[in-house]
Amino acid sequence: MSKVHSNKIIFASAGSRKTTYIVDQALLDVDRNVLILTYTIDNIEQIRSYIIAKQGFIPTNITIKSWFSFLLQDCVRPYQNYVYGDKRIETVFFPDDIQAFKLGRRFIRKDQTKFYFFVGGKYIINEHVSEFVCMCNDTSGGKVISRLEGIYQKIFIDEIQDISGYDFDVIELLQKSRIDCCFVGDCRQATFFTTCSPKYKRFKGKNIIHLFKDWEKKGLCAIEEKNECFRSNQIICDFADKIFPELSKTVSFNNEETEHSGLFIVKSAKVSEYVRDYKPVILRFDKRTDTLGLEARNFGASKGLTFMRVLIFQPKTFSKYLEDGQLTKIKRTKNKRSGSIKEEVVDSFHKPKLYVGITRAKASVAFVFDGVSAFDELKEY
C-alpha cells in the first residue's frame, strides 16, 4: 500500500455545516467512487436528504453506509475465511446490557475465535468487528484494504468523534492506503460511541484529538479547524465554548436580531408561562430527567438539528455548574482492602451532551433553574 493522496481531518464546531461540507465535496467528485460513512441511522438519512435536495437524486458514484454496515459488508465477509472458515457471518450483535454481557465473557480468550468474536457462531460482537477486520487484513496479506482501494477512491467519515476502540486501527489502515480520506467531526459532541471497548480508552470522546495529532506527526493526515458557526448567535457560542476552554473559540455568523435573544434562567414556577410566550423546543439530559410533564427531546437525539429557541432541563450536576462555574471536581475512591483514599480530578458533568443541547439554538437558550447563577450573561426571565 502506498499513499498518493493527502488525508484530512476537520474538527469543526457546532453549526459549522460539517455534513453540508461533506455533501458538497462528494458531489464535486464526479469522476471517482465516493463512500460516505457515519455511525447513526439518523445521520445517514440526513446525508441522503441533503444530497437529494441539492442534486435531486443520489449519484451512482456515491455510496452512503453506516460504519458497521461498511465493516461487515466491505471488510469482514469478503475475507472472513482467513480467520473463521466458511460459515457466513450474518450480522453485527449489539448487547442490550453491555456490562452484564462482558462480565459473562470475562474468561474467554482471543484464541477462542468462535466464542471471543461471535455469539451463536454467526453474529459478530460489535466491539470486536474492527479487531476481526484487522486480523483478516493481516492474515490475508492486506487483501481487505487492497479490495477497498479497488472499489473506492475517496472516503468521508462524518461524526468522526463517535469512533472508538479497535475502530481506530481500521481508520489508521485507511489512512495508509491509496484511498483519499476526509474525516469530519467535533470532539465536543462525543455523545455516542461505536463500541465500549477499553482499547484506546485514553483517546475516547473529547480526547480523540490527541490521537489525530499523533497521526498528523506521523504524516498520515493534516488537521484543519472550522470554528465558524452559522446556527447560534455569538452569546450562545461564547457560553458553549466555556465548557471546553482548552479548545479554539467559535465565531458566529448568525447576526439575526430577534425580540428574545441570548441566555436566560427560568424558574420552575414560570416554565409554563415561558413555553406559552416563546414556544421553545424542550431538551432534557435523558428520559430520567423531570420535565414537569412537558414533551422533550434528549440532548443526544437532537444532535445535528437546529431550533430557534431551546428550553433545557439539565441534571443536578449541571445545575451546580450554573451555581459555581466549576468544570471539574475531585472524585474520591476508597480501596476496599487497604482503606486508602484515591483522589482524581474528573469532569463535573457530561460536557458533550450539554454542549450539544446548548448549541441547538439559533436565538435563545433558557435553563430551568431555581438557584442563583455564577454567570452574569444568564438573565432571569
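Tutor: The account below begins with a helix and then turns to loops, a strand and the surface.

The model is predicted: local features need pLDDT of at least 70, side-chain atom pairs count only at pLDDT 80 or more, and totals for chains, interfaces and linings use all residues. Numbering starts from 1 along each chain as its sequence is written, and side-chain values use heavy atoms, leaving out hydrogens and water.

Helices (H or I, at least four residues) and strands (E, at least two) are DSSP runs, numbered from the N terminus. The buried residues of H7 are Val129, Ser130, Glu131, Phe132, Val133, Cys134, Cys136 and Asn137. Just after H7, Gly141 adopts a positive phi of about 75 degrees.

Asp169, in helix H9 (residues 167–176), is in contact with Cys134, Lys199 and Tyr200, leaving aside neighbours within four places in sequence. Contact means heavy atoms within 4.5 Å. Asp169 counts as buried because its relative accessibility is 18%.

Two further buried residues belong to another stretch. Asn61 lies in the loop between helix H2 (41–55) and strand S3 (62–66), and its 13% relative accessibility is why it counts as buried. Not counting residues up to four places away in sequence, Asn61 touches Asp29, Val30, Arg32, Asn33 and Val34. In strand S3 itself lies Ser66, which counts as buried because its relative accessibility is 10%. With the same exclusion of residues up to four places away, Ser66 touches Leu37, Thr38, Tyr39 and Ile44. Ser66 and Phe349 are 283 residues apart in sequence, and their C-alpha atoms are 30 Å apart in space.

Other loops hold residues with positive phi. Arg17, in the loop between strand S1 (8–12) and helix H1 (18–28), is not a glycine, yet its phi is near 65 degrees. Arg17 is partly exposed, at 48% relative accessible area. Lys279, also not a glycine, has a positive phi of about 50 degrees. Lys279 belongs to the loop between helix H12 (271–278) and strand S13 (281–284), and its 66% relative accessibility makes it exposed.

The surface also carries a nonpolar patch, formed by Phe230, Val251 and Phe253, with about 280 Å² of accessible area together. Patches are made of residues with over 30% relative accessible area and no salt bridge: like charges are joined within 9 Å, and nonpolar side chains (Val, Leu, Ile, Met, Phe, Trp, Tyr) within 5 Å. A salt bridge is a side-chain nitrogen of Lys or Arg within 4 Å of a carboxyl oxygen of Asp or Glu. Accessible areas come from the Shrake-Rupley method with a 1.4 Å probe, and for residues only the protein chains shown count as cover. Phe230 sits in the loop between strand S10 (228–229) and helix H11 (234–241), and is partly exposed at 34% relative accessibility.

Technical notes
Buried means under 20% relative accessible area, exposed over 50%, partly exposed in between (1.4 Å probe, protein chains only).
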